[in-house]
Structures are given as C-alpha cells and as structure tokens.
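The following exercises are meant to be worked through with the coordinates open beside the text. Each sets a task and then gives a solution in steps.

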Amino acid sequence: MSDLSPQDAYNFAYLDEQTKRMIRRAILKGIAVPGCQVPFASREMPMPYGWGTGGVQVTAACLVPEDRLKVIDQGADDTTNAVSIRRFFQRTAGVATTGATGEATVIQTRHRIPETPLTEGQILVFQVPIPEPLRFLEPRETETRKMHELEEYGLMHVKLYEDVARHGQIATAYAYPVKVEGRYVMDPSPIPKFDNPKLSGSPAIQLFGAGREQRIYALPPWTGVVSLDFDDHPFETSKAPHDCDLCGAKDSYLDEVITDDQGGRMFVCSDTDYCAGRRARGMKGRLWAPEPEGAA
Amino acid sequence: MIADALEGGFAEAPVQSARAFREILEAMARPGTIRRVQGATPPAPLSIAAGVALLVLTDPTTRLHLAGEADCPAVRDWVAFHIGAPLAKAEDADFAVGPWEALQPVSRFRIGQPDYPDRSATLIVECDRLVNHGPALTGPGIGAATWLNLPETAAFRANRALFPLGFDTLFTAGDRIAGLPRSTRVEAI
Amino acid sequence: MYVAVKGGERAIDNAHQWLAEERRGDPSVPELTIPQIREQMRLAVNRVMAEGSLYDPDLAALAIKQARGDLIEAVFLIRAYRTTLPRLAASRPVDTGAMVIDRRISATFKDLPGGQVLGPTFDYTHRLLDFALMAEGGAPAPGAPTTGASPTAHVPHVTGFLNRDGLIEAASPDDTPPPDLTRQPMELPAGRALRLQALARADEGFVLSMAYSTQRGYGRTHAFVGELRIGRVAVEVDIPELGFAVGIGEIELTECETVNQFRGSKTEPPQFTRGYGLVPGQSERKAIAMSLVDRALRWQELGEDFTGAPAQDEEFVLMHCDNIQATGFLEHIKLPHYVDFQAELELVRKLRAEAQAMQEAAE
C-alpha cells in the first residue's frame, strides 16, 4: 500500500494537536446548543471533500487508542468507502475495528443509523454533505444564518405544505428535516426518514461533521428530536413493504436488489451487521441459503 | 518558578489529550455526571482537572481569563509555557478559569452572537468538591434525573433564559470534572 | 442464490495496483523524472503550486507525476500534504516593486520607466505545432538572455504614476494581519483580503470564466491591464530574537494590476479604480482573470449597482471557486446512494399508486 506513509509519520489519528483542539472546541459548542451548526476550520484531508472528510475529522478528534471503531456506508461495513475510512483509522490511530454495532464504541456512518439500538458510551458520527436544511430553499448562507437566528422556519413549512397540496403527503424520503428541542431545524444527513425516530432520545452521543461546508453540529444523548410535519399530515416512516429475504426481519430498512433482467428482485437488510447477526442466531428469510465454503 | 512551569504538561499529548477530551465530552454531553481526568499536574491553585481542561481545549488561538487566585505568577508561567493562550479580560475571553466568586459577575462573559451562538465563553469553575447532590438538572443529555452541587442556581437559570445564547460551564475539583452547558435547566432552590 | 457481497477490501487493493501500472504506462518508455517535470512542465508545476497553495516546485512535480498529469488531482495531493505542515512563521509582505523582472508589460502606456519587457511569453508565437520537438534532443539551443534587462533596478508600479496625479483611487497600506482561510472557517461577507486569498488558490478555469463573463457584460468593469509583471521576489521572515528580518529564499510571482474606467458613483468621484491579481509562479492568465474578478467583487465598496452578475456575487464566487471542494463533492455522487435511492423509490411508487387510484376513482 503506497497511498499513505507509515503510521509513525503522522500524529495519532492523523490530525495535528492544534487542529484537534479546534475541532474539539467546536464539538463541545455543538453539544451545548443542540442542532446548531458550528463553523469549524475544516482541514484538507487525504480523501476528497464529499467523501466523509467532516465525519473523519470529528472521528479523529474523538478517538482514543482503546476505541473499537465501526464504519458503515449505506448500512454496510464492506462498501468501498467504508473500507477506505476504516483502514485510514487503523493505520493512523491503530484502533481496533469491528463490524458489530454492539461492540463498537465509535461508529462513523454515511446515510444510516444502525438497527441495533445504540447504548450509553457510544458515539455515532454522521458524514454530512449539506448541513443546512434550508439550503435548497435559500442558497445563500448569509440568509439562512439569519433565518436560524430569528427561528424563521416558515419557508420550510411552506415547502412541506406544497408537497401535501400537490401529492397529498410530504414528498421527502431522506434527509427529512427535524427540529431539535423545539429550537433549531436540523438536517439529519441523508438518512432515510425510516431512521429519523432513532435520532430522538438516543442514549448515545450523535455528532455530525460536514467537511467541505465547514460545519459541526451535535445531539447530546436524550435529546428531543421531532420530524417536521402537520397535525393533519403527521410524519410517518417508510420502508419497502417486505421482510428481509435473508434473515426474515420485518423491522429493518431494506435494500432492493435486482437479481435478473426479468424483473426478479429481492429485499435484504441494509444493515449488514444486523442481518448477519440474525442469521447467526438461526433466523431465516425466504431466500436464505448456507454461505458457500470460502465465501467472505 | 520557571523550572516548575516546565513541569506538569502532558507527557504524551496526542493520546492523553484524546482520553481527556472523551471524558470532557461525556461530561458536557451528560450534564451533571462526574468524570475523572488525568495526565496534568498544573501548579497550585489549579486542580488537576482544570489543568487538563486547559491543555485539551486552549492554545494560542483562544483567549484565556485567569480569575482570582488562578491569576498568579505560577499559573501564568505554566500557561505561557504549555499552552501559549493570550491572557484576556473577562469580557474578551473564550475560556476563563477560577473559583466561582472570582468569576463574578458572570454576566461579563461572552454569550455568543444571535447568528453565531457558538462564539461564547466556556467557564472552568474550580470547586472544593463535586457531588451528585443539589439542584436537579433537566434538559438535553439528561435521561434520568440528575443533581449537582452548583455554587448557586440563579446565575445558571438566568443563563438558560438566554438560550441559544449563553456561556457553558465545566466544574473541576481535584481530578473530577462535570459539565453544565447553557441548555441545562436548573431547578430553583 | 444471492450472497451479500464482501469484496470491498480486495477490490480497493486491486484498483490501487492497477492504477500504479497505468501511471507508469509502457515500461519500455523511460520513466519521467521529477527534474524533467519541474523544468519542462513548469507552467503545470506553477498551476499546481498556485492552486495547491504551496510553493515547492519539486513537490508539485512529484504530485503531477503521481496524479498521471491530472492537475486537479495533483493540487489535491499538495493540499492534503500542506495541511499537515506546521506553521513556523509568517513572512513579511513581499515587495513586488523590488521584483527581479522577467516580464513586464503595460497596456495603458506606450513606454514607461523600467521599460516594456516581453519576456518568455507565448503571446506572439504562431500556434503551429513544432514537429522538431518530436525528435528527442532536437530542440534548438537557446541563444537569448534568460533574465530581464535590468535585474537590479527598482521597477515602479504603473498605478503609482496615476496615483501621483490623483487619477486612480488611493490604495492605502494596511498592516492588519490578513485572515487565513485554511485556518478559519469562511465567514461572509468576506473582506477583500480574504477574497483575494480565495481567488489566488481558486481554480484557474473558474476564475477565467468569471473574468470573461465580466468582459461580456455580466458585471462589466472596463478593465485595462495597467501592468503585468512576472519575476522573482525575496521572501523575508522577522526573527524577533534578532530584531530584524532574514531572507529565507525567493519565489516567482505573477502580478497584475488593472486600471478600470469608472465614471463615479453616489459615493465616489470619477477616477480610475483598481483590480488586483497575484499568483505564485508564471501564471499570467490566472493573474489577469483574478484582477478582473477582484474588481467586479468590489461593487459595494465603490458604490456601484449590483446587477445580479455572477462575478459580482461574493458568496457565489467564493463558495464555488475551489476546485478541490468542487471536484470532491461532484465526484461523491458516484459513491453508493442506494439507501437514499430506495427511499425515493418507495416514495415514487407510493405517489404513483395513489395517483392511479385517484384517476381510477374519477373514471
């Protein structure tokens, strides 16, 4: 491997101490004002903007040598970018890694919250592309900052209401906006709205890092997070109306996998650890079969 | 005195500051919980925990206010050598350290701007002891009821009323540390 | 039968190995050396140094080699390396008036003190492929002087002549330490110092297009190249312990000052105004473009109208001019998004089913 110099050429967890202090200060301010976007002087990381540099910087500022790190992308530990980020920290921080949600102390994620409930002592770090929930309604940062200051979220409600008027329901399926402790409207990152309820009242610390946009925000444990909705059109989660074809789970978020060009498809848990754990405990779905020798 | 100033920093800063930050993060994210930190031996009268918090969070880019007995030559020299934070008046400080009485009136400290609430001071309040007994705390980060022996309640209730503006507080005693962000509601006693 | 794919790690290793082979190309062709790139691809090296914000020709050449000639990828390598470097000191402002000139032209005066120095420019070359270069070692030996005519003389700035007559806006010296956008998050509105800093490391193509758009009427600034100069300046660092500044080396710079026609506004008298561009290395297209965009962004300060032109829009320009940010975010859409897509899929199916049901009910 030649894409990084040996571990000892870099500081623990890659970032220099001054950079970590700057990020740590931003994290603490984010914790103190849940849901509020705190600017931080995001560094250029040895991976592209948009590929998790915000999450990587937050993780780097939090890691201790005793941590067990789990990295997922789309719910899976083996997607290429998750592999790449996990390797980065194996190399630069020397931390142990795991695929098991229950064993991890720090979990960096892109687009999902694990199905297995998180616990106290865990930190969930989200990679965030566009931290500003109002950005697609108002492109100017100078304006959106004012809207947060004045708690002027009417534009967001108008947008959601237009959805209702046009489609009979709120037509946002992921990155569904939430309100934190009755104050800040927050982008939960592009998780499917299926995951939104897990944001609220979690025993774990949830940290959000947006590298290119230079923002950090946070949800302390046991924080009230409400998905925006209307009395007559309450928020509802959604998932494919199936059970997992491998483990039979009825309650997990599913990926749709095209199996042939005749319209054949199957539905499998997006959370690969959750699915494998269920199968290991003997639970079987419609298309379950023993893993072939030598696989994995 | 200069020789003393050279002592008491982290021996292995990257790892020790990482471990200490995790404790501080837990303290701030779970207001009222009392954590332990180690790795620094700052000069008297600073507690170990206050010294650790300063080493973890402050540097030449943060303005530091030393209050009361913390504003002494030994601490100033130690800060100059290990941290390099410019010393500042209370009104300009990003961080302040000292006993509660010496930090008064706390209304002097920065509470952030309406568009940037994060630009507020963090107070490191030196206490004789920290125990989970005193006014009840509720708010983000607090699941079951929590209590903490705060030096007073009125100032923290006034600070909560400014939310999302306000200062944030770390309490230190010996090697123990607890957090009280501006979001915490403090029971009136 | 479907088994969850587990090939990420191996796939990445294989891709890296293949990439290394592709970078080398045909092994029967001699491998490029860093000095070859540094000396013979110097304008590419300059661009990588400018947009990478790191003045180191050898590292820029290495980055170009490693990036297989993809200059944005090379800039990325330099930027990622640069972030890890400690900041040991800040230099004194460089004095471009004391530049050892290689090239210096003014479009606003026929002749001027210090003279017009054409220097090593493509300007009057006929763009005909020189097939002699295809024969290795076939290039003619240079016979012309390689440095400027008056390397020691102080060459005054053209805008200084206009300033003496009060015809151009004053540019008063300002010793406020400039912000550092690599150390502080960008905050808008930004001051001119921060804007210039962002433009100096901005993507050349983006700045070029923005400047071009002002020439075509989107925020027109009526610019003349008052002066374009390329050469080397000394870099000095104050040593507090010594009480004086010490030279630590020299760097090549391209500086462009435009003189812009200005009929006056509600707040300012009729006078010429300035646009400024300064780029490491010989990068004159970038320096000229930067000075036009700088001038367009100054509309507010000069009491001009905001016409809605992109080049006048500070937030638009500053938030989109960085090619490392842009390429990262652009290319991230090739990462898996199947979880989001699944959520959209469910939504579209639901909306379609409901629309169909309503239609059927209506019929």
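**Exercise 1. Describe the contact of chain B with chain A, from the residue counts down to the elements and the residue classes.**

Solution. Counting on both sides, one finds that 28 residues of chain B are in contact with 31 residues of chain A, in a model that is predicted. Turning next to the elements, those that give two or more residues to the side of chain B that touches chain A are helix H2 (13-29) and helix H3 (48-57) of chain B. With 11 residues, H2(B) gives the most to that side. Sorted by class, the residues of the side of chain B that touches chain A comprise 16 nonpolar, 4 polar and 8 charged.

**Exercise 2. Determine which pair of chains has the most contacts, and characterise the side that chain A presents there.**

Solution. There are 2 pairs of chains that touch, and of these the pair of chains A and C has the most contacts. Chain B and chain C are joined by no contact, and their closest C-alpha atoms lie 10 Å apart. The contact between chains A and C takes 54 residues from chain A and 41 residues from chain C. On the side of chain A that touches chain C, the elements that give two or more residues are helix H3 (80-93), helix H4 (141-149), strand E11 (254-258) and strand E12 (265-269) of chain A. H3(A) gives the most to this side, with 4 residues. The classes on the side of chain A that touches chain C are 23 nonpolar, 16 polar and 15 charged.

**Exercise 3. Divide chain C into domains and describe how the domains meet.**

Solution. The division gives domain 1 (13-83) and domain 2 (96-120 + 146-321) of chain C. Taken over C-alpha atoms, the centres of domain 1 and domain 2 of chain C are separated by 28 Å. For the contact itself, 8 residues of domain 1 of chain C touch 12 residues of domain 2 of chain C. On the side that domain 1 of chain C turns to domain 2 of chain C, the residues divide into 4 nonpolar, 2 polar and 2 charged.

**Exercise 4. Classify the packing of helices H8 and H9 of chain C.**

Solution. The axes of helix H8 (residues 204-215) and helix H9 (residues 284-297) of chain C come within 8 Å and cross at roughly 55°. H8(C) is therefore oblique to H9(C), and H8(C) passes H9(C) in a left-handed crossing. The residues that meet include C:Val207, C:Leu208 and C:Ala211 in H8(C), and C:Ala289, C:Leu292 and C:Val293 in H9(C). Over the contact of H8(C) with H9(C), the residues divide into 9 nonpolar, 1 polar and 3 charged.

Methods: Residues are numbered from 1 along each chain as its sequence is written. Chains are lettered from A and ligands numbered from 1 in the order in which they are written. This is a predicted model: local features need pLDDT of at least 70, side-chain atom pairs count only at pLDDT 80 or more; totals for chains, interfaces and linings use all residues. Axes are lines fitted to C-alpha atoms, for helices over the stretch in contact, and angles run from 0 to 180 degrees between N-to-C directions. Angles under 35 degrees count as roughly parallel, over 145 as roughly antiparallel, 65 to 115 as roughly perpendicular and the rest as oblique. A crossing is left-handed if the near helix is turned anticlockwise from the far one by less than a right angle, and right-handed if clockwise. Two residues are in contact if their C-beta atoms, placed from the backbone, lie within 7 Å. Ala, Val, Leu, Ile, Met, Phe, Trp, Tyr, Cys and Pro count as nonpolar, Asp, Glu, Lys and Arg as charged, and the others, Gly among them, as polar. Domain bounds come from an automatic or database domain assignment.
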